[in-house]
Amino acid sequence: MPRTEIDLQQTISFLSILDEEGNADEELVPYLDDDTLRRLFRVMLLSRRFDERLLQLQRQGRLGTFAPVKGQEAAQVGAMAPLRRTDWFVPSFRETAAALWRDTPLSGLLLYNAGFNEGGLPPEGNNDLPIAIPVATQVPHAVGLGYSARAQGKDDVAIVFFGDGATSEGDFHEAINFSGVFSTPTIFLCQNNQWAISVPREKQTHSRTLAQKAIAYGIPGIQVDGNDVLAVYVATAEAAERARAGGGPTFIECITYRLSLHTTADDPTRYRSEEEVQAWERKEPLIRFRRYLESRGLLSEQEVERLEQEIKEEIAQAWEEAQMQMENPDPSVMFEHIYAESPDYLKAQRDAFQKEIGGG
Amino acid sequence: MAKLTMAKALNLALAQEMERDKSVYVMGEDVGRDGGVFRITEGLIDRFGEVRVMDTPLAESAIVGVGIGMAVAGLKPICEIQFSGFSYMGIDQLESHAARMRWRSRGRWSVPMVVRAPYGGGVRALEHHSESKEVFYAHTPGLKMVIPSGPRNARALLVSAIRDPDPVVFFEPKAIYRAFREEVPDEEETLPLGKARIVREGGDITLVAYGAMLRPTLEAAEQLAGDGIDPEVIDLLTISPMDDETIAASVRKNGRVVIVHEAQRSFGAGAEIFARLNEKAFWYLEAPMERVTGYDVIVPFFAREKAYLPDAERIVHAARRALQ
Ligand SMILES: Cc1ncc(C[n+]2csc(CCOP(=O)(O)OP(=O)(O)O)c2C)c(N)n1
Ligand SMILES: [Mg+2]
């Protein structure tokens with residue numbers, strides 16, 4: 001009588017649809033038209049090749065520090081695909097693949113990585129927030145964006161991306177709790193890529209899963225194979241549908257792996273083994289999805305070759321465009337967009353600055 | 001004696017203090033196995049173990065807050081914040097507790113901790129990795145705010161900060177972690193907190209700088225010297241409590257002064273120095289006081305960072321205005 005088990009009325013499930021070989025569990029495969037399936041693959045491939053090009057350019061000293069996305073393409077593309085352009089996209093700093101699904105121009109991403117504020121401009125028509133670098137600080141915004149959409153009678157939802165490390169920050173907990181209390185249409189999309197720089201997931205939290213944190217806040221939570229684009233798609237589509245219908249937030253933990261560097265300033269050989277990386281290489285997201293599409297007759301060797309060529313040209317052209325914009329940067333741009341209306345003291349500083357650089 | 005970079009000199013200070021005093025602990029993100037993203041804590045986990053060198057979860061509020069608890073209970077934690085731009089969740093703990101524990105407990109409890117963070121621009125970094133927000137801390141009674149300018153004084157000041165009975169925020173100018181080497185003695189060396197240093201004596205004008213700005217300021221001093229002007233250069237070293245007397249004495253002698261910092265201009269350390277000089281040296285001034293600072297903008301992405309940061313040329317211009 002005095003000590004009984006409490007029924008939390010909530011469990012956490014794990015969802016996987018495509019295995020590592022690209023075999024599908026037919027009962028779980030979502031209905032997607034052929035064009036969407038092809039686009040999922042194209043954006044994942046574009047993201048992989050773009051990442052490789054960024055790394056090259058960074059190593060040549062043309063770009064600054066950046067966070068490679070390699071290995072996490074399915075988690076990002078699968079999560080964005082069920083959403084609309086008016087749904088709010090709240091990235092952290094590694095969401096290149098998600099941004100590409102939203103048709104963010106490659107030249108803008110290149111400009112950003114070359115140290116130009118111009119690269120921060122979100123694409124017209126998209127409800128996209130800019131890259132957020134301080135870990136987890138963007139998570140509460142997605143609660144407010146969702147709350148605002150609902151308050152204005154819209155059925156848009158907000159999706160926020162963050163990592164396993166971010167779940168240790170107060171902002172994450174405050175936001176997810178707030179979202180549960182107000183039942184906001186928010187999707188918390190956690191990419192558990194097993195590492196936060198050198199700190200492994202097991203040292204980040206003593207919880208068995210990250211997904212179970214949803215239980216503490218009384219919202220639905222699910223763990224999915226984050227390298228399986230179809231599983232991520234299904235989990236996010238369900239979450240979005242629930243949120244649009246007034247059912248509140250969902251926490252999705254995508255099990256994935258950061259196959260590359262934390263950032264270009266990082267040396268992973270200091271803290272993780274090559275065997276571990278290779279084991280995850282075998283589970284990487286592109287190969288299995290390609291096999292699946294091939295098995296459905298939606299992709300062939302020649303088509304992949306054609307895609308590769310197309311993507312190569314697209315990236316080359318974007319770099320040309322970016323370089324044009326990078327020539328002779330006007331330094332006084334740094335005075336722009338601080339306020340809607342520049343205060344007088346700031347105008348005076350700008351004038352003095354221009355006089356000084358103008359040889360005055 | 002060995003010629004060390006500032007990164008290595010800081011590492012030496014940590015290792016020697018941990019060796020000397022069993023109550024000194026190091027904690028922060030990636031400070032253990034990785035040795036810190038700037039390698040300042042390199043090798044410490046192998047030497048002192050996982051209890052004294054803590055790879056913490058990604059949680060700045062807890063890094064500082066847990067550090068406060070450890071300090072009150074008798075340890076001397078050194079908390080690393082990976083970049084000063086990520087210290088803001090920890091500021092609540094610093095302002096609300098670290099700075100007030102002695103005061104609130106009427107002297108019963110104290111917080112002998114150090115919060116270290118790389119700060120400042122000049123390394124082509126991402127957003128939030130180039131700011132200089134030292135005044136956030138300098139503005140808070142109960143905290144000390146220290147900024148070294150080179151390997152030798154960084155080592156000596158960090159040792160003093162660790163031994164200090166009060167919480168010290170210790171900003172490391174990341175642009176000069178590996179920019180040059182200096183002779184650093186093997187045997188322990190300390191420098192008093194709250195004391196500025198005259199780096200170069202001169203009788204025509206006083207230039208005051210700190211952190212990574214000391215080097216362009218010395219460069220400017222050389223250029224001025226080439227034109228027959230004899231500048232005095234003061235390295236502040238501690239932002240708060242500020243050694244205004246050393247600055248005032250120099251300005252009373254020279255009558256002209258330029259303050260240099262990379263932090264934004266408004267409400268910056270320069271403004272505070274002006275105010276103190278107004279109190280301590282006003283009648284000796286022969287020209288309006290000058291300051292060369294970052295502009296009142298958010299530090300631009302790195303393609304335009306050079307335009308934001310003060311350099312020797314801007315300092316020379318300001319000195320010439322003050323000398324007119
Ligand atoms: C508040 C804050 N603290 C520290 C950092 C430095 N930092 C950048 S990314 C990172 C690890 C993030 O790990 P995780 O959340 O798992 O995301 P991942 O990098 O794996 O994508 C750290 C410590 C930061 N950007 N913001
Ligand atoms: Mg991670």
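A salt bridge is a side-chain nitrogen of Lys or Arg within 4 Å of a carboxyl oxygen of Asp or Glu. Keep that cut-off at hand for the exercises below, and remember that the model is predicted.

**Exercise 1. Find out which parts of chain A the pair A:Arg42 and A:Glu310 ties together.**

Start with the distance: the closest N and O atoms of A:Arg42 and A:Glu310 are 2.8 Å apart. The cut-off is 4 Å, and the two residues form a salt bridge. Next, place each partner. A:Arg42 sits in helix H1 (residues 34-59) of chain A, while A:Glu310 belongs to helix H12, so the pair links parts that are 268 residues apart in sequence.

**Exercise 2. Describe how chain A and chain B meet.**

First, count the residues: 42 of chain A are in contact with 37 of chain B. Then look at the area. About 3500 Å² is buried between the two chains, and carbon and sulfur atoms give 57% of this. On the chain A side, the residues that lose the most area to chain B are A:Ile133, A:Arg270 and A:Met334, together 19% of what that side buries.

Now turn to the charged pairs. The rule finds 3 salt bridges across the interface. One of them joins the side chains of A:Arg270 and B:Asp34, at 3.6 Å from N to O. The count of residue pairs in polar contact between chain A and chain B is 12.

Which elements of chain A supply at least two residues each to the side that touches chain B? They are helix H4 (106-113), strand S5 (195-196), helix H7 (201-204) and helix H13 (344-357). H13 gives the most, with 5 residues. By type, the residues on this side of chain A divide into 22 nonpolar, 12 polar and 8 charged.

**Exercise 3. Locate the nonpolar patch formed on the surface by A:Tyr147, A:Phe178, A:Val181 and A:Phe182.**

Begin with the four residues, which together have about 440 Å² of accessible area. Then ask which helix gives the most to the patch. Helix H6 (residues 170-182) of chain A does, with 3 residues. A:Phe182 is found in this helix.

**Exercise 4. Examine the backbone at B:Pro241 and at A:Asn328.**

Recall the background: most residues other than glycine have a negative phi, and most peptide bonds are trans. Take the peptide bond first. B:Ser240 and B:Pro241 are joined by a cis peptide bond, with omega about 0°. B:Pro241 is in the loop between strand S12 (238-240) and helix H9 (244-254) of chain B. Then check phi at A:Asn328: the angle is near 40°, a positive value in a residue other than glycine. A:Asn328 lies in the loop between helix H12 (301-326) and H13 of chain A.

Definitions and conventions:
Residues are numbered from 1 along each chain as its sequence is written. Chains are lettered from A and ligands numbered from 1 in the order in which they are written. This is a predicted model: local features need pLDDT of at least 70, side-chain atom pairs count only at pLDDT 80 or more; totals for chains, interfaces and linings use all residues. Side-chain values use heavy atoms; hydrogens and water are left out. Contact means heavy atoms within 4.5 Å. Buried area is the accessible area (1.4 Å probe) that two parts lose on being put together, summed over both. A polar contact is a pair of N or O atoms within 3.5 Å; within protein, one must be able to donate a hydrogen and the other to accept it, and residues adjacent in sequence count only if both atoms are side-chain atoms. Helices (H or I, at least four residues) and strands (E, at least two) are DSSP runs, numbered from the N terminus. Ala, Val, Leu, Ile, Met, Phe, Trp, Tyr, Cys and Pro count as nonpolar, Asp, Glu, Lys and Arg as charged, and the others, Gly among them, as polar. Patches are made of residues with over 30% relative accessible area and no salt bridge: like charges are joined within 9 Å, nonpolar side chains (Val, Leu, Ile, Met, Phe, Trp, Tyr) within 5 Å. Accessible areas come from the Shrake-Rupley method with a 1.4 Å probe; for residues, only the protein chains shown count as cover.
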